Structure formats: structure tokens, C-alpha cells
Amino acid sequence: MSRITIPIGPQHPALKEPLSLLLTAEGERIVESTLRIGYAHRGLERIFQNRNYVQNIHIVERVCGICSHVHTTAYCQGVEALLGLQVPPRALYLRTLLCELERIHSHLLWLGVLAEHIGFTTVFMYTWRDREIVLDIMEELSGGRVAHAVNAIGGVRIDIDSEHIDSILARLDDLERQIDTFLGVVLHEHTFQVRTHAIGRLTAEQARRYCVVGPVARASGIDVDLRRDEPYAVYDQLDFRVIVAHEGDVWARTMVRTMESVESLQMCRQLLRNLPDGPLAVRAPRHVPAGEVISRCEAPRGELVYYIRSDGSDRPARVKVRTPTLPSLAALAEQLQDINTADVPAVLAGVDLCIACADR
Amino acid sequence: MSLLRSLAHLLAELGRTLRAERVTVQFPFAPAELPNDFRGRVTIIEEASCKGCGLCARDCPALALELERHDREHFRLIHYRDRCAYCGQCADICPSHIIVLASELVSPTHDKDTLTQVLVERTGDSTS
Amino acid sequence: MTDCLSALFSLLIFPGFAFLLLCALAFQWIDRLVVARLQGRVGPPWYQPLADLIKLLAKEDVLPTEAHELACAALPMVSLAAVLTAALYIPVGKHSAPSFEGDLIVVLFLLSIPALAYFLAGWLSGSVFSVVGGNRSLLQYFSYEVPFLMALSGPAILSGSWSIAQITAQQSHAPWIVLVQPLGFFLALTGLIGKLKRSPFDIPKAKSEIGAGPLTEFSGRKLALWQLSLHIKTAVGIFLLVDVFLGGASIGLPAPAILVFGIKALLVLLVLSLVDVLYARLRIDQLVNLGWRVLAPLALVQVLVVILIGVG
């Protein structure tokens, strides 16, 4: 049987961001895959060293479009640790609220993209329409749909009043009804299942070997979630479940992410109902004493690690970012072995790649 | 049966869609409704209070603010709207609290020069 | 002289080229509108398909250097010609086509030519994506065509004639064949969805996997002709089903024939759009499985039932 090379990328309808995946196919079966990344590299880690800590908040936000808030959270947390600041509780609650809202929006976006890749355009249209509810809430809170610019070193820059809280809670109820519908589709719709069951399987052992994190790891049975294991912000005061599945295929990842959205919704409700009063930020000195810190957060795609080293000036000496997509990219080769060409977009979507994050 | 369930959802959606209005605003032929704290055009609300300290220019992540300073009575604050990320950091840091991001959209233009605005100009004339 | 004129009128205006063009554009618009509304969107304005056609005709026509130029120029025209010729033998409304015994077979054959042209276009246009798409389209053809043919032979056997006009005429004083052979109608619809490469069987042109499949490298006028032939095939396929299963223009009540025919055609189109929205796309091996393990045996059962019970 003759072999053909199918180029997925750098531009391809299945990719949101540029990535080069050269697949060698024998008929409809993939025998080899070569991955190249770096198309979205912007040299951000070098830019961080040329800007002061305050400027960097906004540049860190632009590492990724979908998980922008969690990047600033991780960065601000790190710098606050270096400065020894105590962030006021109201600020932490608002920060966490936006983290969870962002998780819902990211998972809904992802569900739509996966559905589109398996040809289920209807679910794509519905999820992206319901995602607008979350985006509207975020825009009302911060002034921006994706680049919120909410975090400051020492707290947050936004506030919320009780009327607004009530309106948000009402809309979250609507959203929960819609997410239940999608859960129904995932559980019961036959064509969705035949396109996602047993596709892109990653065993727990393989996942551990590649150090995969986030929903991909949880779908393979690895029970790890930074929000529960090493709580930051106010996660230690919230009541939530960590969703773990065991099949390790695209369907399991869909289940994990959809149910995580429901958990995030519950968390948003708890945050809004228990919002403490108080100041929104503490004053942060401009010069950060010398030292180094590792700040970790649970981004929608998994564990996000920020290493910040300061030399006593007002500019960081080094900011190193380890995004959760990187190990998922490494594990892609395993998942693409011996699968059908038609399942490649489903696998790519199932891993929820964020190349902007991975390339920085 | 899953087909009946899917059909039920679809028809419910259809009911909603048929009753819904278009959400697209035909901007700029119709006014754009901006929320109250929309981060729009960078404006100075009281030019006389500007001290020329340069904190806004120092903290701008996009390097969109530039202070040409000779001394306390001779300086110019220039804002490059095309570089601006509308993050509001300048408004946060200004010690005189005179920078405000107004609820106005900055319109695109064919003339690049209109995107560079001089926010504050102090020429040493003590009557200004 | 008048014979000649009326023949030209039939060929070019009604129910010939102009009518088919109008139907293709109208059906495309209704399909896109219904799908959009079901998906929570607004849908295009009525002139969108016409605007798309005119836009494509005006665009630049480029092909890769590896593509076989003559074949790529001829294939869309062959496809369009086959579909238009097939339309000649399908009665529309009261207008009876020039029929002869066996014209059902001829029509089915003519409607298969675009599938072959599509496959060849994939192989000859010089792109990896189109080759993969071409392979898939041929596999798909073998999966849906057999049940489709068998489902359409049920009514022929029942009516005792292989002429579409006869089958239609028979249904004006007998119950519609869809009521007698519902399984056959269901299989014919499924086969039609495969033939028209609509979701869930739009595998050869799976956008997220292989670009646009066999038509990836076509642009400009060639692509316009391809699109036109595919959309006229939609109209022709629906007309065929309405004639063979739904009794053509007959309804048992005195009503304008073209109106009755139009409403039936729109109902079939609505069902096609609904199926488009309800399901995800299948994989080619899943379709082959479905075609040979489910659809073909069912079609066999239907034909056997017709032979044993229906006739006599």
C-alpha cells in the first residue's frame, strides 16, 4: 500500500493556531507523525526581562488568549510572594471568580471546536452561543471579553456590587441548563460517541511518562488537580469535586471537561454568594527584593508553572513559563500512532492544544 | 430514544431563534452601546494638573505613552493610539488621577497621524 | 416549428436549465436558512446563493502545476451535463418528461456520473487532500449506491414499469408508494444523503480533515460549475424521490400540480436539512460498515417483500 504524506498545518482547517504535523498515511491509517512547533513564538520570555513588573502583567496576559487571566494570576501571585504581600480576601475572591469563569469559557470553546472537527456543527454553534453568556459577564466585570486586565500586583483592579451579583447568578442558572444539554449530548448522542470512543487513547502509565497534566491526565485516571492538591487564591475555602475518568480517550476528556464546567459554575456561585468586603488591593513596592519563586496555577488546560527570579531592581531577571500544553504535545505522537486519518482532528481537538501558550 | 431527545432540543432552539432579534449592531451606522467602564479612548480630564512625572509612560506595557521632558515647565506627553492596548495601567498609576479611559471607541482611520495625539503640552507659559 | 420551439422551451426554460438553476439556488437558500435557524443563527438573505455563484464566476481560476489541466477543465462540465440530462426524464409537476421504458435506470446511471467525475477530480488535481478525498468519495459511492438502487427498484417492481413517468402516473390512482414501502423511502433518503455528500455523509469533503476534499484545488469558474452541478443534483435527487415515492403532483384533491409538487419537494428538503443538523459526521469505515451491514440487507428485505407480497 503506498504511503502519502498529509500535511496538517501550519495552516489547516483543523488547527486554531499554526502547528506543523506531517502525517504519513498508508491508506487511511497513520503510520508516522512528525511534529514541529514554534510558529507562534514571540520571544516573550526575553521581553519580560526588558519591562518592569507592572508592564509585565499585561504582557503576561497576552501569552495566551483563552487562558489569559490565569497567566496573570500565576505571575502576580509569584511577584506577591517575592514581595511578601498579603492580598486582601475580596481581591482573592474576585481573582478566583474570574479564573473559574475563564475555565467555563475555555471548556465551552473547546467543546465547540471538538464538535466542529467531528462534523457536529450544531453543537459548535450552540456551545459558542452559550459561551457568550460567560463572555458578557466577563466584559461587564472587567471591560474586556478575553483580555481582562483584572490583576494587579497586590490585588485586583475591578469591583462588583450586589445588583450585579444577582444578575450574574441569574445568568449562571441559564448557563447551567445549557451545559446540562451538552452533557446529555455527550452521554447519549450515538454519532458523537462513535466518533470519540476509543479514539486517541492514552493510558495512565503513558500519561505519567509524558508528564501530561490537566483534563487530559484526569481523563486517563490520574487524580491530580492543583486547586485541590496545592490550593492557591481561595480554593481552600471552596467546595468542589475533581472529575476523573479512566478510559483515556477523547470521550473521557469530553466528559471531564464538561463536568468540570459544571463544577466551575458551582464554584462561581459560592464565590459570588460569600464575597467578603474589604479593600481591593494593597500597595506594592516597585522594586522587588532579590529572590526566586515558583508560582503554580491550574489553568483550564492543566498545571501552569511560573518561575520568577528577581535581582532587586524593578525588572525581573528571568521569567520562565511552563505551559500545560507542552507535555500534551509530546504525548501526541503516542496518540496518533495507528489511528484513522479521519480521527486526527478529533485527537488534536481532544488534547486542547494552545500553541500560543506552548510557543510563547 | 436519543433521536427524540435531540429533536426536542432542536425544536426548542428553533423556537428561541425564531423569536430572537439580531444581535449585530450596524456600527458605525448605528451607535455602539458601550458599558459604563468600557476601557476606551485615553483622555486627560484636567490638563493643568499634569506634573510631567512620567509614571504613566514608565508603566505602559505597550510603550504607547512618551514623555518629552526638558524641565518642569517644558514637557509634552504623547499618546500613540495605535500602540495602546487600552489596559488602563496609566490611569491606575497617575498620582494626580487625571487620566481616564473614556467610554468612547477609537475609530480606525486612513490617516496615521490622527492616531498620535499630544495629551499634554507645557511650554513654560505660566498663564496656561 | 412549434414542436421545435416547445422542445427548446422545455430544454432551456421549464423544466430545463433555467428552472433547474432557479430550483438549485432556491433549495440551497432554504437549506442554509433552515440549518441556520436550527443552529441558533439567522441564515443568509435570499440572494446569497446567486451572489456566491456570480462571485465564483468572476474569480481567478488557478490550478497547481501537477494538475491535469484538460481533465480538470472537462470534469465539472461533464458532471453538470450528466445532471442536467438526468433531469430531462424526471417529470416535474404536471409536465411529463419524454419517457421510455427503462428511463429510471438511465437516470440513475446519469446521476452516478458526477460521483465518478468527483473522484477523478480528486486524483487529477494534484493535491494530497484531494487524493484522500477522492479515495473516500469512491468508497462512499460503493456504500450508498447499492441500497439506493435497490430501494428505487422497489417502486418499479410494484408499479410494473421501469419508467419514472409511469411510476408517478400509477400513484395518482393508488396509494403513494411511501405508504406501502416506508422502508424503501427511508433507504432512498439515506442513499440520497450519501449521494449529495451531505452531513452525516459529507466525508469526502470533511472540512476539518482534508480541506475541501477533491475540490480543494478548484477555484473560479470551475468551482462554480462544480457547485452548480452539486446543487442541481440536490434538486434533481429530490424531484426523483418525490416522483417515485410521493406520487409526483397527485394529491387526490384538485390543486395546482406545481404547487403540490413544490410542497412535497420542500418537505423532503426539510427532512434532509434536519438530518444535517442532528448528527455528527461519520468516518468512512463507519459508513462502509453501515452501508453494507445495515442498509444493503434492509434494502434486500424490502425488495423481497415487494416481490413476494406486493406484486399480485
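**View 1. Chain A, overall fold of the predicted model.** In chain A, take the contacts between residues at least 6 apart in sequence: 70% of them join residues at least 24 apart. This is a predicted model, so read every value below as computed from it. Chain A is built from 14 helices and 8 strands. Its radius of gyration is 20 Å, close to the 21 Å that the globule rule gives for 360 residues, so chain A is as compact as a globular protein of that length. The C-alpha trace spans about 70 × 45 × 35 Å along the principal axes. As for burial, 55% of the 360 residues of chain A are buried.

**View 2. The largest nonpolar core and Val344(A).** This core holds 127 residues, and those touching the most other members are Val79(A), Leu98(A), Leu101(A), Leu114(A), Val344(A), Val347(A) and Cys354(A). H4(A) supplies its largest share, 16 residues. What does Val344(A) touch, once residues up to four places away in sequence are not counted? Within chain A the list is Ile8(A), Leu23(A), Ile30(A), Leu336(A) and Ile339(A), and from chain C there is Glu209(C). Another core, of 84 residues, lies apart from the one described here, and its members include Ala24(C), Leu111(C), Ala115(C) and Ala206(C).

**View 3. Where chain A meets chain C.** The contact takes 27 residues from chain A and 23 residues from chain C. On the chain A side, the elements giving two or more residues are strand S1 (3-8) and the helices H4 (89-117), H5 (121-142), H7 (190-196) and H13 (344-350). Which of them gives the largest share of that side? That would be H5(A), with 5 residues. Sorted by class, the chain A side has 14 nonpolar, 8 polar and 5 charged residues.

View 4. H5(A) has 22 residues and reaches 31 Å from its first C-alpha to its last.

**View 5. The S7(A)–S8(A) hairpin.** Strands S7 (residues 302-310) and S8 (residues 316-322) of chain A run antiparallel and are joined by 6 bridges. Look for Ile308(A), which stands opposite Val319(A) in S8(A). The hairpin has 5 residues between the strands, and Gly312(A) takes a positive phi near 95 degrees in it. Ile308(A) also turns up in the next view, as a contact of Val293(A).

**View 6. Val293(A) in strand S6(A).** Val293(A) sits in strand S6 (residues 291-299) of chain A. Is Val293(A) buried, partly exposed or exposed? Val293(A) has 17 other C-beta atoms within 10 Å, so it counts as partly exposed; 20 or more would be needed for buried. Leaving out residues up to four places away in sequence, Val293(A) touches Gly78(A), Ala81(A), Leu82(A) and Ile308(A). Gly78(A) is 215 residues from Val293(A) in sequence, yet their C-alpha atoms are 6.0 Å apart in space.

**View 7. Ile232(C) in helix H11(C).** Now over to chain C, where Ile232(C) is found in helix H11 (residues 220-245). Ile232(C) counts as buried because 25 C-beta neighbours lie inside 10 Å. Setting aside neighbours within four places in sequence, Ile232(C) is in contact with Leu20(C), Ala24(C), Val83(C) and Leu84(C). One of these, Ala24(C), is also listed in the core of 84 residues. For another distance to check, Ile232(C) and Gln48(C) are 184 residues apart along the chain, and their C-alpha atoms are separated by 16 Å.

View 8. Chain B has 3 helices and 5 strands, arranged α-β-α-β-β-α-β-β from the N terminus on. Its radius of gyration is 23 Å, whereas a compact globule of 128 residues would have one near 14 Å. The C-alpha atoms of chain B fill a box of roughly 80 × 30 × 25 Å along the principal axes, and buried residues make up 17% of the chain. At the contact, 7 residues of chain B meet 6 residues of chain C. Helices H2 (17-38) and H12 (257-278) of chain C each give two or more residues to the chain C side, which by class has 4 nonpolar, 1 polar and 1 charged residues.

Note on methods
Residues are numbered from 1 along each chain as its sequence is written. Chains are lettered from A and ligands numbered from 1 in the order in which they are written. This is a predicted model: local features need pLDDT of at least 70, side-chain atom pairs count only at pLDDT 80 or more; totals for chains, interfaces and linings use all residues. Helices (H or I, at least four residues) and strands (E, at least two) are DSSP runs, numbered from the N terminus. The radius of gyration is taken over C-alpha atoms; the globule rule is 2.2 Å times the number of residues to the power 0.38. A residue is buried if 20 or more other C-beta atoms lie within 10 Å of its own, exposed if 12 or fewer, and partly exposed in between; C-beta atoms are placed from the backbone. Two residues are in contact if their C-beta atoms, placed from the backbone, lie within 7 Å. Ala, Val, Leu, Ile, Met, Phe, Trp, Tyr, Cys and Pro count as nonpolar, Asp, Glu, Lys and Arg as charged, and the others, Gly among them, as polar. A nonpolar core is a set of buried Ala, Val, Leu, Ile, Met, Phe, Trp, Tyr and Cys residues joined through C-beta atoms within 7 Å. The expected span of a helix is 1.5 Å times one less than its number of residues. Two strands pair if DSSP finds at least two bridges between them.
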